[in-house]
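Student: Can we go through this one together? I have the sequence and the coordinates open.

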Amino acid sequence: MNSGESVWSLNNLLLTGGSLVFVVLLVAATEGLFRLLDIGNPDSSRTSRLEYQNIFLPVMVPWVGPDGVTRFRTVDPRVPQQSILRDKPAESFRAFIFGGSAAAGLGYSPNVTFARHLERMLRDANPNRIVELVNLGIVALSSKQVSPLVRNVVANFAPDLVIVYSDNNEFLEIHAEKYAEAHANPLSGVLDSVADTNLVRALNRMMHGRS
């Protein structure tokens, strides 16, 4: 290799190194700006590293039904769509059920879960009252995820009865954490760190929307 080729290789090396440094600084500056502007912050309702265990508030949103009456309806695709009257009648009885697969009725149609049996029993026992029962059981939820669901409902939807059937799934996230630790490597650590940046979260939401 002659001196001219050596100089050319050195220039290429410096150019490549300078480009990498510029990209890193640009990404770092963008990340800092996003954090300063609160863009791409983690979802406040995110309670687990397991996607299927997370809950997203609010539990129910306003909705005008085909009859023109304003109601609240469930929005989580993991539960059957259900609704309650926005303006709770004085003579109504409103109940909510929370938990994991046992409460959700995994493997059964919504009509034969214990929630529906309870609803029929309440209607039979209170024939002169409007009975509203919402089953918010979600497969694989642990008590850590059930707790904010209960707080949201109690604070916003005036329940007369709350039933919590939980604690079957406490092992799931513990097992996932141990599995992640056992299979961790330098590359996975870097990828986890990159995925946990405001910049990546903002880009994901732009492409896919919020969960």
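Predicted model: local features only at pLDDT ≥ 70, side-chain atom pairs only at ≥ 80, totals over all residues.

Student: Which helix does Val-23 lie in?

Tutor: Val-23 belongs to helix H1, residues 3–36.

Student: And is Val-23 buried or partly exposed?

Tutor: Partly exposed, because its relative accessibility is 46% and that class runs between 20% and 50%.

Student: Now the inside. Which residues of the largest nonpolar core touch the most other members?

Tutor: Met-60, Phe-96, Phe-98 and Phe-157, in a core of 17 residues. Strand E4 (92–99) and helix H4 (143–156) each contribute at least two residues to this core. The largest share is from H4, with 4 residues.

Student: What is Phe-98 in contact with, beyond four places in sequence?

Tutor: Its contacts include Leu-136, Val-146, Leu-149, Val-150 and Val-153, and also Ala-103.

Student: Change of topic: where is Arg-201, and is it buried or exposed?

Tutor: Arg-201 is in helix H7, residues 198–208. Arg-201 counts as buried because its relative accessible area is 13%, under the 20% cut-off.

Student: Which side chains does Arg-201 have polar contacts with?

Tutor: One is Asp-196, at 2.9 Å. Another is Asn-198, at 2.8 Å.

Student: What else does Arg-201 touch, leaving out residues up to four places away?

Tutor: Gly-40, Asn-41, Pro-42 and Ala-195, along with Asp-196 again.

Definitions and conventions:
Residues numbered from 1 in each chain as written. Heavy atoms only, no water. Buried < 20%, exposed > 50% of the residue type's maximum accessible area, 1.4 Å probe, protein only. Polar contact = N/O pair within 3.5 Å; in protein donor to acceptor, adjacent residues only side chain to side chain. Contact = heavy atoms within 4.5 Å. Core = buried A, V, L, I, M, F, W, Y, C linked by side-chain atoms within 4.5 Å.
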